[in-house]
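I opened this model to look up a handful of contacts and pairings. My notes follow, entry by entry.

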Amino acid sequence: MTTATEKLRTARPATIRTADRSNKELSGAQWAQRFKGSKDTKDLAPTFRKAVDAFIEAMTAAGINVRISATYRPAPRSYLMHWCWQIKYKYVAPEDVPAAAGVDISWVHPTSTASIEAAKQMVRAFDMGDLNTAPALYSLHNEGRAIDMSISWKDTVTVKDADGKLVEVKTTPRSGMNRQLKAIGASYGVKKFIGGAKDKPHWSATGR
């Protein structure tokens, strides 16, 4: 990856406050189809991709089901996800959301009710119904160093860690929140989100 490309991928969206929304498109579910990210590990940063691929291979070999929902995420998509969640749960008024360069969205509808309803539609369209915290305005997803995975299995499984040790996972829950599985992931350099159940699918290079 060239230096210029790397800067483009990791740049945070410039935000400005503006009262002029006349030429902007109203918020709504259609925005989830814009600035699409990836669900493929090939779009992760090289070092983290290698760690993730090895961890997933170990899990699938043990009979664990892994479904990836997000890898690399463009900064404008993070902006949309963050603010629609904030508006839905009334942590911020639609008119107080800062604008982002290149994202011509108006969060303010003719009525407050309509603004909030549009934000709710966006939250559903982004598949964030079970998320207990606002998606970060800027995160390791923007650098290709985070992945969201739904993980499940039945009964006891035996998973190989990065040192080649076979670990018998008997404990519950049988999901990505499992303490033993977190330790196995960390051995590969894939760390579970340190915020607990607020963001169950999230793993990254640092745990953030």
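**Entry: Val 167**

I looked up what Val 167 touches, not counting residues up to four places away in sequence, and found Val 157, Thr 158, Val 159, Asp 161, Gln 180 and Ile 184. Contact here means heavy atoms within 4.5 Å. The model is predicted: local features need pLDDT of at least 70, side-chain atom pairs count only at pLDDT 80 or more, and totals for chains, interfaces and linings use all residues. Residues are numbered from 1 along each chain as its sequence is written, and side-chain values use heavy atoms, with hydrogens and water left out.

Val 167 sits in strand β8 (residues 166–169). Helices (H or I, at least four residues) and strands (E, at least two) are DSSP runs, numbered from the N terminus. Is Val 167 buried or exposed? I read a relative accessible area of 17%, so Val 167 is buried. The cut-offs are under 20% for buried, over 50% for exposed, and partly exposed in between (1.4 Å probe, protein chains only). I also checked the C-alpha atoms of Val 167 and Val 157: they are separated by 8.2 Å, with the two residues 10 apart along the chain.

Val 167 and Val 169 make up the covered face of β8, while Leu 166 and Glu 168 make up the uncovered one. Strand β7 (residues 157–160) runs antiparallel to β8, and four bridges join them. Strands count as paired if DSSP finds at least two bridges between them. I traced Thr 158 to its bridge partner in β8, Glu 168. Five residues lie between the strands of this hairpin, and Gly 164 takes a positive phi near 90°.

**Entry: the four-stranded sheet**

Next I followed an open sheet of four strands, ordered β3-β6-β10-β9, with antiparallel pairing. β3 (65–70) and β9 are at the edges with a single partner strand each, so one side of each has no neighbour in the sheet. Two bridges pair β9 with β10 in the antiparallel sense. Lys 192 has Trp 203 in β10 as its bridge partner. The side chain comes into it too: the charged end of Lys 192 sits over the ring of Trp 203, 5.7 Å from its centre. For that I require NZ of Lys or CZ of Arg within 6 Å of the ring centre and within 35 degrees of the ring normal.

**Entry: Asp 199**

Asp 199 is in the loop between β9 (191–192) and β10 (202–204). A salt bridge needs a side-chain nitrogen of Lys or Arg within 4 Å of a carboxyl oxygen of Asp or Glu. Leaving aside neighbours within four places in sequence, Asp 199 contacts Leu 131, Lys 192 and Phe 193.

**Entry: salt bridges**

I searched the whole structure and got seven salt bridges. One of them joins Lys 24 to Asp 104, with the closest N and O atoms 3.8 Å apart. This pair links distant parts of the chain, 80 residues apart: Lys 24 is in the loop between β1 (15–16) and β2 (25–26), and Asp 104 is in the loop between β4 (99–100) and β5 (105–106). Lys 24 is partly exposed at 22%, and Asp 104 is partly exposed at 45%.

Glu 25 bridges to Arg 34, closest N and O atoms 3.1 Å apart. Arg 34 also lies over the face of Trp 31, 4.7 Å from the ring centre.

Arg 49 bridges to Asp 53, with 3.4 Å between the closest N and O atoms. Both are in helix α2 (residues 46–61), four residues apart, so about one helical turn separates them.

**Entry: aromatic pairs**

The whole-structure search gave five aromatic pairs. Trp 85 and Tyr 91 have ring centres 5.8 Å apart and planes at 5°, so I log the pair as stacked. Rings of Phe, Tyr and Trp (its six-membered ring) pair if their centres lie within 6.5 Å; planes under 30 degrees apart count as stacked, over 60 as edge-to-face and the rest as tilted. Trp 85 is buried at 6% relative accessibility, whereas Tyr 91 is exposed at 61%. I also noted one aromatic cluster, formed by Phe 55, Tyr 188 and Trp 203.
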